[in-house]
Each structure stands twice: as structure tokens, then as C-alpha cells.
Amino acid sequence: RKADRTFRDLGMLPCEELTDERSAWTWQTKQGLDSGTLFIGHLDVPASEGIPTQMFRKEAEWLYGEGIGSSRAPLVMLEFALRALRSVRRLRGQALGVMLYTDEGRDARYSAEVIRAAAAKDDRVLVLRPGPVGESIVTRRRGQRKYRFRAEGDPRRPGQAGKTKKPEVLRGTWNQLDALCRLSAKSRRVSISALGLEVTSLPMLLPHHTDASVLRAYPHTATADEIEKAMNDSIAKGGPRWDL
């Protein structure tokens, strides 16, 4: 509601075509979005359970709190940039839109389709993300895809581990993860990294189930599809499988 009041005060109107009232909201100037500029930001603040909550506080010109750098600061900067354009009467004639979504913590699972539809209308799409330290500006970012790597096997006693050629599940998993990460290619701006690994085991037995998460960054969709095929080819037949 606060965002709606802010953008209406700037003379922008809701774009019902690109708003689902659940996970994505879009506002546009009277010129519309076609062949214009789209700003995309998120309202939710994803927090990891393992990281302590940071209470809001002020110190001179510094602010501390949850989501200030990742979400709130970009929104404030956008608001003041739009107000500056309006003050010099340059906003009304611009084909410009703002989209805010609320499922960043779910990897934009519900808003992705609306975001793609909005981005397809514009010549320029600016994602409101913090830049690096040093007052530099990020002009291009790589795409990202996340995967779940699950492996299951028979529970084994520690003494049985060396009696078969097939490695136990946990060792087989990290061998597969290592092979996948080796597909990273700096020259192609492709990186593959393991984010986490959870194991399940019975008392006195080796782990029989693993669930890993893998992140891949890439410059273009075509490159992503090509590397994804190589990732799947690197997994042995009848072994663990990928869940997108």
C-alpha cells in the first residue's frame, strides 16, 4: 500500500496486465511500458535461519537492519530518482515502469512469469541490486539457476564400505559434485558451485540419502542450456538425479 501511494503521488498508475495481486505489482507512467525502461525490485527480505536477526538502529549517517542494503535502500534511491525526474518535468514523457515482487526468498517462483512478460516489453531493464564497494555501478549480471541433487542408496555398516565397487552414497555424492563444479569455465563466464549438503542416516549406519543444492551462473540462456546438458551427461546412468 505504501508503494502504491508513493508511485501514485508521482503520477504513475497501476498496470493491471502485469499485476497478479499476490506476488507482483507493476506501475507505469502515462506513456506505458512498451520500448521503455523497467525497474525491478523486491519487497520481501529473505533471511537464513542460521543468521541472527539484526535489529534496526541508526548511527550518524549509517543505518543497520534486515534488508536495508538488499531491498530498502534501492527502493528509497528509486523513489528519489523518480521524484528528481518529476521535479524537472522529465518523468511524464518517459515510457517507464516499476515492478515490485514479494517472493525473492522463493527464487521468484510465483512472480517469474510476470517478470518475464514485463521485461519483454521494455528496451531496458534495471534490477535494483546493491553494487560492489567502491562507488562502482553494475551494468550487467549473469543469470542463475538452482538445482537439487538427490542421491539414495542402501544403508551400510561402516565395515561394508570397502566390500563393493560402488561407493557409499555420501562419497559418491561429493565425487559427483566435484565433477559438476569442474564444468565451470571462467572464459565463458560460467560458474557452478555447491551451496549445501544434507545427509540422512540410521543409527550406527552410513548415510543412505543425500540432498545437495547447486548454483550455476551463466551469461546467456543458450550457454545455460548447453552446460545443463553437460551436467546431466556427467551423472552416471542409474545414479542420482536432478530436480530443477
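Tutor: Let us begin with a term: two strands are said to pair if DSSP finds at least two bridges between them. The model before us is predicted.

With that term in hand, consider strand β3, residues 37–42, which is joined to β6 by six bridges, the two strands running parallel. One of the residues concerned is histidine 42, whose bridge partner in β6 is tyrosine 101. Both strands belong to an open sheet of five strands with mixed pairing, in the order β1-β2-β6-β3-β7. At the edges stand β1 (13–14) and β7 (124–127); each has a single partner strand, so one side of each lacks a neighbour in the sheet. In general, the strands of a sheet pair through backbone hydrogen bonds, and they may do so in parallel or antiparallel fashion.

Strand β8, residues 143–152, runs antiparallel to β10 and is joined to it by ten bridges. Here arginine 148 stands opposite serine 213 of β10. Strand β9, residues 191–200, is also antiparallel to β10, with nine bridges between them. In this pairing, glutamate 198 has aspartate 211 in β10 as its bridge partner. Strand β10 is mostly covered, since nine of its ten residues are buried.

Strand β8 also leads us to the charged side chains. Arginine 145 and glutamate 228 meet through their side chains in a salt bridge, at 3.0 Å from N to O. This pair links distant parts of the chain, for arginine 145 lies in strand β8 and glutamate 228 in helix α5 (residues 221–233), 83 residues apart. Is glutamate 228 buried or exposed? Its relative accessibility is 17%, and because buried means under 20%, glutamate 228 counts as buried.

A further salt bridge brings together the side chains of arginine 171 and glutamate 168, at 4.0 Å from N to O. Arginine 171 counts as partly exposed at 35% relative accessibility, whereas glutamate 168, at 18%, counts as buried. The structure holds 15 salt bridges in total.

Technical notes
Residues are numbered from 1 along each chain as its sequence is written. This is a predicted model: local features need pLDDT of at least 70, side-chain atom pairs count only at pLDDT 80 or more; totals for chains, interfaces and linings use all residues. Side-chain values use heavy atoms; hydrogens and water are left out. Helices (H or I, at least four residues) and strands (E, at least two) are DSSP runs, numbered from the N terminus. Buried means under 20% relative accessible area, exposed over 50%, partly exposed in between (1.4 Å probe, protein chains only).
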